[in-house]
Amino acid sequence: QARPQVGSLFKPIVYTAAIDRGFTPVSLFIDEPVAYTVGPNQPLYEPLNYDRQFEGPVTLRRALEDSRNIPAVKAMQELGPAQVVNYAKRFGLPAVQPYLSSALGASEGTLLDITSAYSAFVNRGVRMAPYGILTITDRDGSVLEENRPVPHEAVRADTAFVMTNLLRGVVQR
């Protein structure tokens, strides 16, 4: 029931939007210090990688596999935060806000939310809404309620295929 920040689990959603918008696994991002103006009288937003190191040019594949923060934020900035928020909603993550920090998972979500979102990758772009109880029957065996999977189109099948391949690389490398 807790709604912690989703953290780096959100990066695949950012990169899904990027793949759908013409980026490829070999698209390059420059992993270097950056600073963004976020509003009047606000400090600059200066994201860092978890290791506080910068690797220079990295492919989208490597950025995802190594969970680099700077490329994720740059991807979100280039796509436009509103575009990524739209993808988040399609993946069943409505709490995502149109801020660059959302690329790093600053929004809240449950494990069930993320599990449902990731189901779209292995289901050819179709997200399945989770449910906990299959059937409720009375003492005579009559069905009182029956739940069935509820599919939601999240992304194109080819995009889901590419993302599944990229996520496989996270485990392999």
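Helices here are DSSP runs of H or I with at least four residues, strands are runs of E with at least two, and both are numbered from the N terminus. This is a predicted model, in which local features need pLDDT of at least 70, side-chain atom pairs count only at pLDDT 80 or more, and totals for chains, interfaces and linings use all residues. Residues are numbered from 1 along each chain as its sequence is written, and side-chain values use heavy atoms, with hydrogens and water left out.

## A covered helix

Let's step back into α1 itself, residues 11–20, where 10 of 10 residues are buried (under 20% relative accessible area; exposed is over 50% and partly exposed lies in between, with a 1.4 Å probe and protein chains only).

Leaving out residues up to four places away in sequence, Tyr 15 touches Phe 29, Leu 60, Ala 63, Leu 64, Arg 68, Pro 71, Ala 72, Ala 75 and Met 163, where a contact means heavy atoms within 4.5 Å.

## The nonpolar core

The largest nonpolar core holds 42 residues, and Phe 10, Ile 13, Tyr 15, Leu 60, Phe 91 and Leu 93 have the most contacts inside it. Each of α1, α2, α3, α4, α5 and α6 supplies at least two residues of this core. Such a core is a set of buried Ala, Val, Leu, Ile, Met, Phe, Trp, Tyr and Cys residues joined through side-chain atoms within 4.5 Å.

## Aromatic rings

Rings of Phe, Tyr and Trp (its six-membered ring) pair if their centres lie within 6.5 Å; planes under 30 degrees apart are stacked, over 60 edge-to-face and the rest tilted. The count comes to 4 aromatic pairs. Phe 23 and Phe 29 are stacked, at 5.7 Å centre to centre and 5° between the planes. Phe 23 is buried at 16% relative accessibility, and Phe 29 is buried at 4%. Ring pairs link Tyr 15, Phe 23 and Phe 29 into a cluster.

Tyr 118 and Phe 121 form an edge-to-face pair, 5.4 Å centre to centre with 75° between the planes. Being 3 residues apart in helix α5, they are separated by about one helical turn. Tyr 118 is partly exposed at 23%, whereas Phe 121 is buried at 4%.
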